Number of protein chains: 2
Amino acid sequence: MRAYKHPAIEDVRPEDFFHALSDPVRLAIVRQLAREGEASCAALDGGRPKSSMSHHFRVLREAGLVQTRPAGVTHMNTLRRDELDRRFPGLLDAVLAAIG
Amino acid sequence: MRAYKHPAIEDVRPEDFFHALSDPVRLAIVRQLAREGEASCAALDGGRPKSSMSHHFRVLREAGLVQTRPAGVTHMNTLRRDELDRRFPGLLDAVLAAIG
DNA sequence: TCGCTTGTACGATGTTTATCGAACTATGGC
DNA sequence: GCCATAGTTCGATAAACATCGTACAAGCGA
């Protein structure tokens, strides 16, 4: 649990990025993170079980979209905006615009 | 076979769009269509069976990415660039840039 | 009409995926 | 050390999906 391993941004494949965005629950997470900047996992569950949310956060992490940082007993998540914009210029912004 | 039914661009959901892009075969199709403008299904198979390609084209059609037009015995496919850009401004261009 | 070509429809198979409960780990407060 | 809290991991289940062979439909040319 201690340290999460995030992929190097250069290793993120487009198909993984898009797959991470192909689920409504994960789109909601991304939307909220874009709005609030940073949030814990628990803050973003929509009444869903922890294990479901953990799964979705893992997909987002492994696709390079989200960075998770342990902060005491909670874990704070942020979008990897700058890195993603370097890897896929303009893509994340267009995605965020598309999902409102 | 005669006439394909494509979804109205307003009905295209972001998650369907992204799901269509979550497969390497379909990304290759989109890349080629962006490059060549228009192509038949057969022209884009990479030695894959027809039924596999037909499946992927169907996914792309139903996600609103591709328009298919019967032209004699072949079927020509194009990206729905203008419509998509209206629905998701800037998104398709960023996608195409990302997938090279 | 017959044959050829292009793509679809159907059905089967194996893989991936989403969902969730239960057990577990890590951290902080007392 | 003990307990509560936040997430992860594991295991099971059901649904979705990719792949491909075979059969079928539609158009064109001879």
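Helices (H or I, at least four residues) and strands (E, at least two) are DSSP runs, numbered from the N terminus. The model is predicted, so that local features need pLDDT of at least 70 and side-chain atom pairs count only at pLDDT 80 or more, while totals for chains, interfaces and linings use all residues. Residues are numbered from 1 along each chain as its sequence is written, chains are lettered from A and ligands numbered from 1 in the order in which they are written, and side-chain values use heavy atoms, with hydrogens and water left out.

The surface near DNA strand D (a residue is near if one of its heavy atoms lies within 4 Å of the strand) receives at least two residues each from α3 and β3 (74-79) of chain A and from α4 of chain B. The side chain of A:Lys50 places an N or O atom 2.6 Å from a base nitrogen of DNA strand D, whereas an N or O atom in the side chain of B:Arg26 is 2.8 Å from a phosphate oxygen.

Helix α4 of chain B, residues 50-62, has 13 residues. In α4(B), B:Met53, B:His56, B:Phe57, B:Val59, B:Leu60 and B:Arg61 are buried (under 20% relative accessible area, with a 1.4 Å probe and protein chains only). After α4(B) comes B:Gly64, whose phi is positive, near 85 degrees.

Definitions and conventions: Expected span 1.5 Å × (residues − 1). Buried < 20%, exposed > 50% of the residue type's maximum accessible area, 1.4 Å probe, protein only. Polar contact = N/O pair within 3.5 Å; in protein donor to acceptor, adjacent residues only side chain to side chain.
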